[in-house]
Amino acid sequence: MKKIILWFLIIIISTPVILWVALPYLPYQQYVAAAVKAQIESYGIKVESLEIIEISTKKAAIANFSISSGDLIVSSQKIDVNYDLKYLFRGKLYGGVIAPEVNFSGLPEPLPPIKIGANFLVPLENPSNGTLALNELVIPWAGGEVSTKPVMFALSMDKPIFVTLKLNQVNLSEVLSKISDGGVQGTGRVSGILPIVYYPDGRIDLRPGDATAIETGTITVSPQLLPGDNAQLELTRNALQNFQYTTLQIVVSSDAANKPVLKFTIEGTNPQAFGERPVKLNVSVSGDFLPLIQQSMLAINDIKQLLLIQEKP
């Protein structure tokens, strides 16, 4: 699952070479499509369907694109590719790709359609020395979106990659349920950023990030997440049973063991515990939201293995 997006990008990156070779056949687009299909299948990937609906010396448009490997099927109704052919005479591929909606089927877990936008500069003789600029990666998630800020990295993946994930109007209930295993529940929506570092060996480290509620809602924290028998903790446990917040901020960090820690700063009321008196609370809980990060890093995970596919003759 982690390799899917870069499969897709590497195939598209190699397409300009085939299009350039096939330009003498213009306007016979079926010949171009056949050449692209042959190149893709040389990687051991089956082409289910592919149509070239537009082609020139600078750009191409691909429609009804569908490839498969085993049970996995990757498809897109429209892919736009642009390229600069003069780079071919320098032994390089240079261009960009935009796929507004890439679909996946045959996965153990369902994955929603993903939007991809990227630029590439790849030496023909040694693709691992190339670079990829991921301009846009958007994944629908929790009723909103998870996306990445633009990031450029070497295809060799021999250095850490710093990525900023953006949460846009995601459902607080789904986020809290996923990262706390049901221990924290809430309503409303949040937006924010989560910087992370992706290392060549696959490790992911968190950097300080935060998210802020964009509307009012409620939050409930399980008493088991706030152990202790002092009066202050008991007061906090009572307050966080159906707490009605007017403002909410979540700060993300890591503890000494590199485990995720969430610090909630909440302002609002709990009529059952305090009447209408406004209360401000600071609460820290831990949770495992690395699976979310892994999902959002699909486009750069396992890139070295994908490059082995590209380098086949």
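Helices (H or I, at least four residues) and strands (E, at least two) are taken here as DSSP runs, numbered from the N terminus. The model is a predicted one, with local features needing pLDDT of at least 70 and side-chain atom pairs counting only at pLDDT 80 or more, while totals for chains, interfaces and linings use all residues. Residues are numbered from 1 along each chain as its sequence is written, and side-chain values use heavy atoms, with hydrogens and water left out.

On to the chain as a whole. Its accessible surface comes to about 15000 Å², and 52% of that belongs to carbon and sulfur atoms (Shrake-Rupley method with a 1.4 Å probe; for residues, only the protein chains shown count as cover). Of the 313 residues, 48% are buried, where buried means under 20% relative accessible area, exposed means over 50%, and partly exposed is in between (1.4 Å probe, protein chains only). Contacts (heavy atoms within 4.5 Å) can be split by sequence distance: among those between residues at least 6 apart, 53% join residues at least 24 apart.

Back to S76, which is buried at a relative accessible area of 1%. Its side chain reaches two backbone oxygens, that of K78 at 3.1 Å and that of E101 at 3.0 Å. These are polar contacts, meaning a pair of N or O atoms within 3.5 Å; within protein, one must be able to donate a hydrogen and the other to accept it, and residues adjacent in sequence count only if both atoms are side-chain atoms. Leaving out residues up to four places away in sequence, S76 touches N64, F65, A99, E101 and V102.

The structure holds 4 salt bridges. Another of them joins K86 and D84, at 2.4 Å from N to O; here K86 is partly exposed at 42% relative accessibility, and D84 is too, at 25%.

K115 and E136 also meet through their side chains in a salt bridge, at 3.5 Å from N to O. K115 belongs to strand β5 (residues 114-123) and E136 to strand β6 (residues 131-141), so this pair ties together parts that are 21 residues apart in sequence. K115 is partly exposed at 32% relative accessibility, and E136 likewise at 29%.

A charge also meets a ring: the charged end of R90 sits over the ring of Y87, 4.8 Å from its centre (the test asks for NZ of Lys or CZ of Arg within 6 Å of the ring centre and within 35 degrees of the ring normal).

Finally, T265 is found in strand β16 (residues 260-269). Its side chain makes a polar contact with the side chain of N282 at 3.0 Å. Neighbours within four places in sequence aside, T265 is in contact with T247, L248, Q249, K280, L281 and N282.
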